[in-house]
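Open the model in your viewer and keep the selection panel at hand. This tour goes from one chain contact to a single chain.

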8 protein chains.
Amino acid sequence: MAFEPVTRDGETEFARIDHHRSLRTGFPEVIWGPGKTPEQIGQIMQVMRDRHPVVMATRIDPEVYLQLDELLPGLVYYRSARICATAIPPIEPEYPGTIGVVCAGTADLPVAEEAAVTAELCGFRVQRLWDVGVAGIHRLLANRHILMESDVLIVVAGMEGALPSVVAGLVEAPAIAVPTSIGYGASFNGLAALLGMLNSCAAGLGVVNIDNGFGAAMLAAKILRTRNQVA
Amino acid sequence: MAFEPVTRDGETEFARIDHHRSLRTGFPEVIWGPGKTPEQIGQIMQVMRDRHPVVMATRIDPEVYLQLDELLPGLVYYRSARICATAIPPIEPEYPGTIGVVCAGTADLPVAEEAAVTAELCGFRVQRLWDVGVAGIHRLLANRHILMESDVLIVVAGMEGALPSVVAGLVEAPAIAVPTSIGYGASFNGLAALLGMLNSCAAGLGVVNIDNGFGAAMLAAKILRTRNQVA
Amino acid sequence: MAFEPVTRDGETEFARIDHHRSLRTGFPEVIWGPGKTPEQIGQIMQVMRDRHPVVMATRIDPEVYLQLDELLPGLVYYRSARICATAIPPIEPEYPGTIGVVCAGTADLPVAEEAAVTAELCGFRVQRLWDVGVAGIHRLLANRHILMESDVLIVVAGMEGALPSVVAGLVEAPAIAVPTSIGYGASFNGLAALLGMLNSCAAGLGVVNIDNGFGAAMLAAKILRTRNQVA
Amino acid sequence: MAFEPVTRDGETEFARIDHHRSLRTGFPEVIWGPGKTPEQIGQIMQVMRDRHPVVMATRIDPEVYLQLDELLPGLVYYRSARICATAIPPIEPEYPGTIGVVCAGTADLPVAEEAAVTAELCGFRVQRLWDVGVAGIHRLLANRHILMESDVLIVVAGMEGALPSVVAGLVEAPAIAVPTSIGYGASFNGLAALLGMLNSCAAGLGVVNIDNGFGAAMLAAKILRTRNQVA
Amino acid sequence: MAFEPVTRDGETEFARIDHHRSLRTGFPEVIWGPGKTPEQIGQIMQVMRDRHPVVMATRIDPEVYLQLDELLPGLVYYRSARICATAIPPIEPEYPGTIGVVCAGTADLPVAEEAAVTAELCGFRVQRLWDVGVAGIHRLLANRHILMESDVLIVVAGMEGALPSVVAGLVEAPAIAVPTSIGYGASFNGLAALLGMLNSCAAGLGVVNIDNGFGAAMLAAKILRTRNQVA
Amino acid sequence: MAFEPVTRDGETEFARIDHHRSLRTGFPEVIWGPGKTPEQIGQIMQVMRDRHPVVMATRIDPEVYLQLDELLPGLVYYRSARICATAIPPIEPEYPGTIGVVCAGTADLPVAEEAAVTAELCGFRVQRLWDVGVAGIHRLLANRHILMESDVLIVVAGMEGALPSVVAGLVEAPAIAVPTSIGYGASFNGLAALLGMLNSCAAGLGVVNIDNGFGAAMLAAKILRTRNQVA
Amino acid sequence: MAFEPVTRDGETEFARIDHHRSLRTGFPEVIWGPGKTPEQIGQIMQVMRDRHPVVMATRIDPEVYLQLDELLPGLVYYRSARICATAIPPIEPEYPGTIGVVCAGTADLPVAEEAAVTAELCGFRVQRLWDVGVAGIHRLLANRHILMESDVLIVVAGMEGALPSVVAGLVEAPAIAVPTSIGYGASFNGLAALLGMLNSCAAGLGVVNIDNGFGAAMLAAKILRTRNQVA
Amino acid sequence: MAFEPVTRDGETEFARIDHHRSLRTGFPEVIWGPGKTPEQIGQIMQVMRDRHPVVMATRIDPEVYLQLDELLPGLVYYRSARICATAIPPIEPEYPGTIGVVCAGTADLPVAEEAAVTAELCGFRVQRLWDVGVAGIHRLLANRHILMESDVLIVVAGMEGALPSVVAGLVEAPAIAVPTSIGYGASFNGLAALLGMLNSCAAGLGVVNIDNGFGAAMLAAKILRTRNQVA
């Protein structure tokens, strides 16, 4: 058997890997899990851990975590969020502020938790509001105070994706909409929710990719960092 | 110049035309306007008027109405609804009942009026509730009593099409969702609203084609006819 | 190994779970199975069973039922419908009425049975008419009397989804169309059937999401409840 | 003003033009109208008329015909079919046989007539059956004898496109399905009808492009030519 | 454990099953395999075998065949075609004629064989021409005589689906195009091939659903039956 | 001629009109132009002008402006932005801050100007950077200081929509991506740019609907308002 | 009337305009016509003409040319190609080489001519081969020598877009495929041709956007420039 | 058990197999792996190895390689590229030249390596530049000299697919864009990247199918062969 020498693309790959998911100042180093072996993730986390107080990896399945835990003892695993990190919130905030994470259905929880845990690992306080879908609007209205306490809102919904429009109409804070792939049939893996959010009649709603809880948290974090830097 | 003899397909065409949009008992005769000349519409309405108390034509533009009015004096034109009819509501009800027509934005009005006027020409009482989009949920909630008074609800919305989910969660009556082509960009001519309504998390919502206010009113009318026949 | 404390989102999750699939008066409590463990489904059913005469869970695979049966002895499993319930029809009707469920092909049976069993668990009489696809129209016509006896019709079809148009043209009762994901190639997982039903030339047809037999039964149930409440 | 010399691509263009829509033996020469000036169409028809007994041009609007009629007196214009030809049916048949053309709605007539007139100009007997959409199935069944008399059937339908499935289930002859762009909203310019026909549960249905009445007639003509050549 | 009584929908299901894939006179009885258990397929084949000389089942995987073979000894399995039948060609022809089956790439073979074996089980002579894709046009031209000997042509191609246009331009016989799901990326599971065939510049090409070799053979069989009945 | 009485839906329509595009505190009142007559827009602007210092209408074509100017003298028209307003920037800032508006091609200017003028009418300082598409990356890099001076960035691009990824990688400020419908062929009216932005590898990018410059400015305004309120 | 001062974005716009369609050495300066007024195009051409021997503008309609000709006498207009230029080929070649432009149907000519004239204005010799669609393969084969004489091939086709696969299989030179928007129905404005070309079974085919004859010529020009620079 | 005789389509299949992926002179013989058994691939490689110095098979999974290695000892396996070959680069160049392969993210590596290894097996020198996505544009600019040394560039990117536009704007060499299926949600398996590349504002970019690294290398190889043959 003659395998190709792994060194050819190995070195350069390693030197440049994963920096494009990190934000330059004041936030965790981040590794995107898909397409990497547990060994690769472990090695990268180890190198990063020496240089940053908080390192996190996203889209980590439980079995991968079990392997990572053997390689790098002391990691914390956020099961719903599928995030593996080197630290446990609360984390000393560099930029104060509260991020509200609102979620339509229980099936949307993993995406909402990815957003919430990412925000917490960035040092922000997080307000969670789960299972307040628009078909039972009273539950959302009964918890309106939670929305009001947040400086930025992340609204997560699958199926028809209507929740962000309602929430953005209730608050003055900027809102970020996250469609999820939850649904079946004509949901087309989240396309229905995505289109709904892009066409929201609520002015001033920013949309991220389907299931991208991480990206929503990053946008929220940048918004609050900007606020703190300037003020 | 040698044109084809018009008689070849003319007769059969006329004999069978437009009966497939009529309901057999107790409702108006209906003509679908698109693809017919004013002369054709006028001739069909004249023939039908001799046999039915109420005849109506849908998707009639103002200029077409002006030509129809010359051919068949005494017609009534519902400008927003783009409906032309031989009668003015209130019409003696054959089957009692109230149909609520709810509309998200002012641009959705033509479709909502097509539903409302059709329902009135079928002899039902209609409750209109306009411009209660989900981004300002308080307006909808402030008018909740109107929803409660209706036996069937028709909910019309373009853009993200979220209103039917909210309405269906507030009432016990069956609800019919009508997506409209209002919107731009990623609305894809009503596709976003259509998908949103099909994926509604509210159980028991029937959806009709984009901009099909007429079809929604027909379904509501059939529901109330059934109720009256059986009870 | 350091897992996140499960209590954080556990409690709120449980308190609000699954009420959005229930109808407020006179119908079963319903649990949507996908995305829940058998333990979760069992716990929720147990809590609900104490408060409601009929509790049902949808989209339950046989293996899940076997686990549920151990946790909560006495459950009934409707294999074709993939429904698990705490009661067996006939159920004392709160609102009388007959729902006809019509099905194009044998492969559409699970969706049709989901509709039929849901309707029965709501206390309605159900008329089944299976395998009467439009390519053999005589079979449908030979059973026309079954259609005539129904107060509401649910018409289930995959592939080209043409059956609802034909049925709605034969009866006066309101009809609900359910596209299924049955087919291959250009069926695009039910999109062809869905589009066909939305474009039906039969006036007054309400369409639900692909494979959503449950939603169709809920709409039918709401129609008949309305009828009975008013009359 | 310096225009490019038209001779550069003019000659070759002319020499090769339009032969790809003609069938080699026993059928008319055909010109596809779109994208050509009346002068170009007139010139080509003149050249062809000297060599063939029947020359026809498709997709000709009335104004174009008026210009053609001045250039080439004696042409016949089939208004519904939008075909302009050098001959009037009945044409001496080279290959005997009857082609049935069936049409769902009156708005589908232009496409159906394009098929019917093309078939007649090929020398076949044509049976027309108009406005027999599936929502009023009795009209189709009442005319079943017309279907039985045809050797090949062309079935034209827009909206949900369900008619070909029903027709193909009633007859033994091969059937060709033509979706039309008639409809609105979720018809997506004929896509719904096209998908419906491709997914037909009736075995042995050949589908052509949206609005392609001409292509359907050509396939029917080839089928009957084959029959006659061999027998 | 309380399972639903299987008799409820069992009987009707069986009585009506699978007749919609059969053609009424002179062709095999056909069972569509997907969604049926080996036991069900076996029972249906057994019942049919008593009444028809040729019974066939399509889309049968090898493991299913092995189970069928135990239940009903003597069945023949066409591995590439994934067809299981009660007879081996050559079968006494009821309607003479040759069907040419042409195939672009080796990966398209299963669909092409489904067409070829179906045609043979209908009693027709089949001419196979494999692996003559348009990127090596000389191979097709070198075998042009095979095309010329066929009364009807079935042309099977995936990827860009260009072969039917070329073949239909070379012959006078009617041609049926079968797109396959072979390809990757922008083939979108056969959509590219399907659209290519529907837009063919060759006049008179009938298209069937993606991977529907069986349907193409049925259309070819109907064409040749018509020819023989009439002549 | 008998038109419907306009009062029926007129009053309610007027009372509720257009409030859903306004933000509650500190920003202009906004009218969405499409679907309204110049008279309607003029009346609404007049009413609003009495109560608010800044009123603006979006998507106003030049001919509509000319009519508005006669009805309501003193309006200002922003031709590229297609905005009509009652005030001219600079407007006394309620919330200080700079919004950078970056634009890929000259054809994207109307959308970029809609964003820029809206931001200016909200009282923010705007930095414009035009025609810095990614195919000439040096122009963007040469103007990097403009990006650095902005607290929020709005990045407008059609065609492949790649500019937001590059910009978001260069700055720390939050970025809002606006796809435009500029392009042809496989741009599918902005779909290509929209998908590109949603899939950006730059973390923390919020996307709005195609051509929605107004919505992007509203999101930027909310971000800066939040910043100022809290600090 | 108060229009916005045009100077605000005017200057920067002008300074940066249109350089992104030019290639840096040895090729014409190019202006993309759409979205610019004749005055703007004329001004830019005038400025560029002073600095470059060859200036060209693409997508210029005849009426625009007539206005340009008055502003800038001496321009040449290529009517089919819709190109307006300051020079007439043959142009002194900087890089020798022959580009073959092959075209499936006469309706594809404008796109093919855009490619051919662009290539000629770059100084290359162009071989034209028109109307050699795959449904009449003999015409292509009869002109095979023209293909063989070309160093690079540009193959233009609409409808099913099959020609590039056939051509690329006949020659050794690299081939560039240009889908056109010619077609109707399921061509979806060129999508069918685009997908066909991307899925070509011929190895080594580069595809450009729908109707992008200019882009294909640019790629061909870069290929030949590279050849000449290196050799 | 009665299986069909394998000889019927076996022989022809084998004689014609796989020649359509080979280029006629000076390049390796190529086998496309998918849809073939290891035995079939092994047999074909063996036959080809006797006639050609370099034989390669693409899309070979590791387990398939292990089986191939037993059948045909001495094969080389390029794990990232999933290519199995009979030779190891450097290979004696028939046509000199350097192909640059540029890659946006580490997840795109398999496609980029398929291109790179194919190019090396064709005898070209390959310059690799990995992980230079547009969100960190400085990394690309820092390696600009690598781009400048290449005669042809292959640019591989998933997600938003923006890298080819930037690269093509930096170099004079022709560029080939390869979209990959890397991404999630609205990437739609590479559709977003594909559309982005087709709409590139950089003139002269050729696009191949999603994940088609092999095809890109073949186009690059043809470009350099042409250069060398002519010069």
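**Stop one: where chain G meets chain E**

Select chain G and chain E in this predicted model. Their contact draws on 23 residues of chain G and 23 residues of chain E.

How much area is buried between chain G and chain E? About 2000 Å². Carbon and sulfur atoms give 72% of that area.

Now pick out A135(G), E160(G) and N199(G). In chain G, these residues lose the most area to chain E. Together they make up 30% of what the chain G side buries.

Next, colour the helices of chain G. Which elements give two or more residues to the side that touches chain E? They are helix 5 (137-142), helix 7 (163-170) and helix 8 (191-198) of chain G.

Colour that side of chain G by residue type. Here, 16 residues are nonpolar, six are polar and one is charged.

Then look across the contact for pairs. Between chain G and chain E there are zero salt bridges. Polar contacts are there, though: eight residue pairs, with both residues at pLDDT 80 or more.

**Stop two: chain A by itself**

Hide the rest and show chain A as a cartoon. Count nine helices and 10 strands.

Switch to a surface. Chain A exposes about 7300 Å², and carbon and sulfur atoms supply 54% of this area. Of the 231 residues in chain A, 68% count as buried.

Last, trace contacts inside chain A. Take those between residues at least 6 apart in sequence: 66% of them join residues at least 24 apart.

Key
Residues numbered from 1 in each chain as written. Chains lettered and ligands numbered in written order. Predicted model: local features only at pLDDT ≥ 70, side-chain atom pairs only at ≥ 80, totals over all residues. Heavy atoms only, no water. Contact = heavy atoms within 4.5 Å. Buried area = accessible area lost by both parts, 1.4 Å probe. Salt bridge = Lys/Arg side-chain N within 4 Å of Asp/Glu carboxyl O. Polar contact = N/O pair within 3.5 Å; in protein donor to acceptor, adjacent residues only side chain to side chain. Helix = DSSP H or I, 4+ residues; strand = E, 2+ residues; numbered from the N terminus. Nonpolar A, V, L, I, M, F, W, Y, C, P; charged D, E, K, R; others polar. Buried < 20%, exposed > 50% of the residue type's maximum accessible area, 1.4 Å probe, protein only. Areas by Shrake-Rupley, 256 points an atom, 1.4 Å probe, with all protein chains shown as cover.
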